[in-house]
Amino acid sequence: MAAHKVKVTAQPDAPPPYGHPNLGTFLASQLVRRLSSFRLIVLDELLEQLKPDAE
């Protein structure tokens, strides 16, 4: 029953984007994302930045 096993033949250079048609063929370990840059903000600051200009 070897036909039902997953065999990884190559590792992609970059993870596929969400919605990629072949996404179902990737292993979860190939889809891991890592945050390399972030900053903490309070919710009020975020809402202020998202508010459209009133002028």
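Arg 39 is exposed because its relative accessibility is 57%; exposed means over 50% relative accessible area, buried under 20%, and partly exposed in between, with a 1.4 Å probe and protein chains only. This is a predicted model, in which local features need pLDDT of at least 70 and side-chain atom pairs count only at pLDDT 80 or more, while totals for chains, interfaces and linings use all residues. Residues are numbered from 1 along each chain as its sequence is written, and side-chain values use heavy atoms, with hydrogens and water left out.

Arg 39 forms a salt bridge with Glu 45. The closest N and O atoms of this pair are 3.4 Å apart. A salt bridge here is a side-chain nitrogen of Lys or Arg within 4 Å of a carboxyl oxygen of Asp or Glu. Glu 45 counts as partly exposed because its relative accessibility is 31%. Glu 45 has its place in helix α1. The side chains of Glu 45 and Arg 39 also make a polar contact at 3.4 Å. That term covers a pair of N or O atoms within 3.5 Å; within protein, one must be able to donate a hydrogen and the other to accept it, and residues adjacent in sequence count only if both atoms are side-chain atoms.

## The other charged pair

The salt-bridge count comes to two. Lys 51 and Glu 48 meet through their side chains in a salt bridge, at 3.2 Å from N to O. Lys 51 is partly exposed, because its relative accessible area is 49%. Glu 48 has 52%, so Glu 48 is exposed. Side chains of opposite charge can pair when their charged atoms come close.

Helices (H or I, at least four residues) and strands (E, at least two) are DSSP runs, numbered from the N terminus. Helix α1 spans residues 43–50 and includes Leu 47. Leu 47 counts as partly exposed because its relative accessibility is 48%.

## Before the helix

Pro 15 lies in the segment before α1. Pro 15 is partly exposed, because its relative accessible area is 36%. Pro 15 and Phe 26 are 11 residues apart in sequence. Their C-alpha atoms are 9.1 Å apart in space.

## Whole chain

Of the 55 residues in the protein chain, 4% are buried. The chain exposes about 5,900 Å², and carbon and sulfur atoms supply 57% of that area.

Note on methods
Areas by Shrake-Rupley, 256 points an atom, 1.4 Å probe, with all protein chains shown as cover.
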